[in-house]
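Subject: Structure handover and notes

Hello,

Here is the structure we discussed handing over.

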Amino acid sequence: MYQLTLAEIARGLADKQFSAEELTRSLLARIQQLDPQLNSFITITEELALEQAKAADARRAGGESGALLGAPIGHKDLFCTQNVLTSCGSKILTGFKAPYNATVVEKLASAGTVTLGKLNMDEFAMGSANESSHYGAVKNPWDLTRVPGGSSGGSAAAVAARLLPAATGTDTGGSIRQPAALTNLTGIKPTYGRVSRWGMIAYASSLDQGGPLARTAEDCALMLQAMAGFDAKDSTSVEQPVDDYLAALSQPLNGLRIGLPKEYFGTGLDARIGEKVMAVVEELKKLGATVKEISLPNMQHAIPAYYVIAPAEASSNLSRFDGVRFGYRCENPVNLEDLYKRSRGEGFGAEVKRRIMVGTYALSAGYYDAYYLKAQKIRRLIKNDFVAAFNDVDVILGPTTPNLAWKLGEKNNDPVAAYLEDIYTITANLAGIPGLSMPAGFVDGLPVGVQLLAPYFQEGRLLNVAHQYQQVTDWHTQAPAGF
Amino acid sequence: MALERSEVEKIAHLARLGLNEADIPGTTETLNNILGLIDQMQAVNTDGIEPLAHPLEATQRLRADLVTEVNQREAYQAIAPAVENGLYLVPKVIE
């Protein structure tokens with residue numbers, strides 16, 4: 001049962017081959033058995049899962065149907081879940097049982113999903129390896145000595161290892177797409193504002209966006225359909241109807257114009273990944289797509305701009321963790337300043353402290369124009385590059401990551417080296433456009449991802465291209481040995 | 001421009017982050033590496049470019065001036081480190 005996709009689970013439940021409760025019990029047992037190898041879960045919500053599964057079975061018995069009614073999922077541990085630990089992978093949220101549900105959690109629950117647990121992540125979503133979690137590193141099921149990517153590394157590892165058919169993630173600089181690429185999954189970061197950020201603990205508010213990770217584009221469509229939509233509680237939520245993503249899947253690709261940005265295939269890219277990406281292009285051509293080279297000349301400036309904007313916003317967002325209203329508080333503070341400083345100093349990990357300090361510096365008196373304002377101007381240049389490119393092409397295609405999954409610990413002592421891994425993904429966050437990563441084959445037994453980017457609100461187009469590709473290839477069906 | 005130890009201490013104070021004495025040299029070095037990366041921005045010509053704060057350049061949505069929230073003090077204080085009589089407790093601020 002654990003090998004079923006969400007779409008197959010929906011059919012199995014509708015045909016009464018199994019009940020949601022049976023499926024839930026079977027996956028919970030699998031998680032107990034296998035997750036100790038991966039460390040992908042921070043909390044297993046067994047009681048909640050069984051309660052939701054029984055409720056889903058009752059709703060189905062009462063005549064209800066629905067693609068996600070009874071579907072087991074997990075949530076990245078920065079989506080607030082009422083009365084369940086929501087840790088953000090941080091010591092500073094020790095004991096934080098959220099008093100309310102995130103909108104994404106609420107929407108998926110009302111669609112009938114069953115929450116099996118809360119998934120490990122880089123602390124406050126800051127990282128590309130899932131090694132900065134207070135709850136320990138997550139292992140890549142394709143090679144337990146390697147990282148699964150991050151920051152949604154627990155979501156990726158759990159879905160790749162068939163502990164769950166799908167999970168939620170968030171993407172501020174690539175945190176859905178990069179782990180999806182490194183674990184052979186499909187993951188989509190929607191347009192900024194498409195999925196509500198209410199109850200999704202903020203890292204960098206102008207970049208953060210929630211989305212699904214799953215094993216197929218079809219499953220991502222099922223998840224995103226339930227997650228997307230306007231939410232009055234999120235001040236940057238977009239008031240625009242949600243497209244029918246499932247209907248979009250079946251469109252033929254005849255005439256699709258694909259742009260290959262030359263900057264994505266230059267120095268720094270593992271040539272073996274480049275070959276796999278070009279093989280995807282050949283396959284899409286057979287499906288009727290045309291290809292042309294394009295240029296995104298400001299791509300190289302994205303990393304410096306991102307590492308100003310994201311830390312600056314983080315330094316402001318994370319000021320709420322002060323040891324007063326929730327979470328960790330230091331022992332015996334001598335005064336209020338000591339309480340703040342020690343609670344934060346002891347509660348945050350090294351990478352979070354680094355980013356808070358970079359952001360604090362960038363926003364401090366006298367430096368605003370040189371850093372934050374400059375970065376926002378570069379942000380516009382990056383957006384303009386995409387706007388110009390999309391005059392000529394429908395989607396942009398390239399590698400998701402420059403390298404394969406690296407060894408645990410390999411980049412721990414060099415944050416700047418780790419930052420450079422985000423080179424192909426962060427431009428989509430700066431511009432706010434949607435991006436998807438899908439499986440494109442293997443190099444040395446490790447998964448390779450290809451990234452597709454589209455104009456604002458064309459998530460349906462991305463899912464369509466990925467789905468059509470997955471109809472004629474089987475990379476996405478490969479499972480890691482032992483799982 | 002490299003940060004000195006004293007500047008790192010000042011930034012940590014502004015961010016209300018307690019740093020261990022032993023971590024300050026390493027933190028200074030790492031922050032300088034990150035600032036080195038960031039300083040690559042200065043080579044980019046941005047003359048006449050307007051800063052972009054929001055990808056879709058949306059403006060703040062307004063809502064009707066109505067009461068939409070109910071008091072949830074008990075739920076919120078149930079997860080606080082220290083409360084008494086409905087108030088959050090912190091060390092004494094005024095002598």
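The notes below cover the contact between the chains, then some helices and single residues. Please keep in mind that the model is predicted.

Contact between the chains

On the chain B side, 39 residues are in contact with 57 residues of chain A. Helices α1, α2 and α3 (73–77) of chain B each give at least two residues to the side that touches chain A. The largest share of that side comes from α2(B), with 6 residues. Sorted by class, the side of chain B that touches chain A holds 28 nonpolar, 8 polar and 3 charged residues.

From α10(A), the residues A:I303, A:P304, A:Y307 and A:V308 meet B:I34, B:L37 and B:I38 of α2(B). The contact of α10(A) with α2(B) consists of 7 nonpolar residues, with no polar and no charged ones.

B:I38, in helix α2 of chain B, counts as buried because it has 24 C-beta neighbours inside 10 Å, where 20 or more are required. Apart from neighbours within four places in sequence, B:I38 is in contact with A:P304, A:Y307, A:V308 and A:Y371.

Within chain B

Helix α1 (residues 5–14) of chain B packs on helix α2 (residues 24–38) of chain B at an angle of about 90°, and their axes are 10 Å apart. This makes α1(B) roughly perpendicular to α2(B). On α1(B) the contact is made by B:R5, B:V8 and B:E9, and on α2(B) by B:I24, B:T27, B:T28 and B:L31. By class, the residues of the contact of α1(B) with α2(B) are 3 nonpolar, 2 polar and 2 charged.

Helix α2 of chain A

Does the end-to-end distance of this helix agree or disagree with its residue count? Helix α2 (residues 20–38) of chain A has 19 residues, which at 1.5 Å a residue should span 27 Å; the end C-alpha atoms are 25 Å apart, so the two agree. There is a kink of about 40° at A:Q32 in α2(A), shortly before the proline A:P36. After α2(A) comes A:N39, with a positive phi near 65°.

The buried residues of α2(A) are A:A20, A:L23, A:T24, A:L27, A:L28, A:I31, A:D35 and A:L38. Those buried residues pack against several elements of chain A, namely α1 (6–14), β1 (41–44), α3 (46–61), β2 (72–76), β3 (114–119) and α5 (153–160).

A:E21 also belongs to helix α2 of chain A, but is partly exposed, with 19 other C-beta atoms within 10 Å. Leaving out neighbours within four places in sequence, A:E21 is in contact with A:L50, A:A53, A:K54 and A:D57. A:E21 and A:G70 are 49 residues apart along the chain, and their C-alpha atoms are separated by 8.1 Å.

Helix α7 of chain A

In helix α7 (residues 217–227) of chain A, 11 of the 11 residues are buried, so the helix is largely enclosed by the rest of the structure. The buried residues of α7(A) include the charged pair A:E218 and A:D219, along with A:Q225. Just after α7(A), A:G229 has a positive phi of about 135°.

Regards

Note on methods
Residues are numbered from 1 along each chain as its sequence is written. Chains are lettered from A and ligands numbered from 1 in the order in which they are written. This is a predicted model: local features need pLDDT of at least 70, side-chain atom pairs count only at pLDDT 80 or more; totals for chains, interfaces and linings use all residues. Axes are lines fitted to C-alpha atoms, for helices over the stretch in contact, and angles run from 0 to 180 degrees between N-to-C directions. Helices (H or I, at least four residues) and strands (E, at least two) are DSSP runs, numbered from the N terminus. Angles under 35 degrees count as roughly parallel, over 145 as roughly antiparallel, 65 to 115 as roughly perpendicular and the rest as oblique. Two residues are in contact if their C-beta atoms, placed from the backbone, lie within 7 Å. The expected span of a helix is 1.5 Å times one less than its number of residues. The bend at a residue is the angle between axes fitted to the seven residues ending there and the seven starting there. A residue is buried if 20 or more other C-beta atoms lie within 10 Å of its own, exposed if 12 or fewer, and partly exposed in between; C-beta atoms are placed from the backbone.
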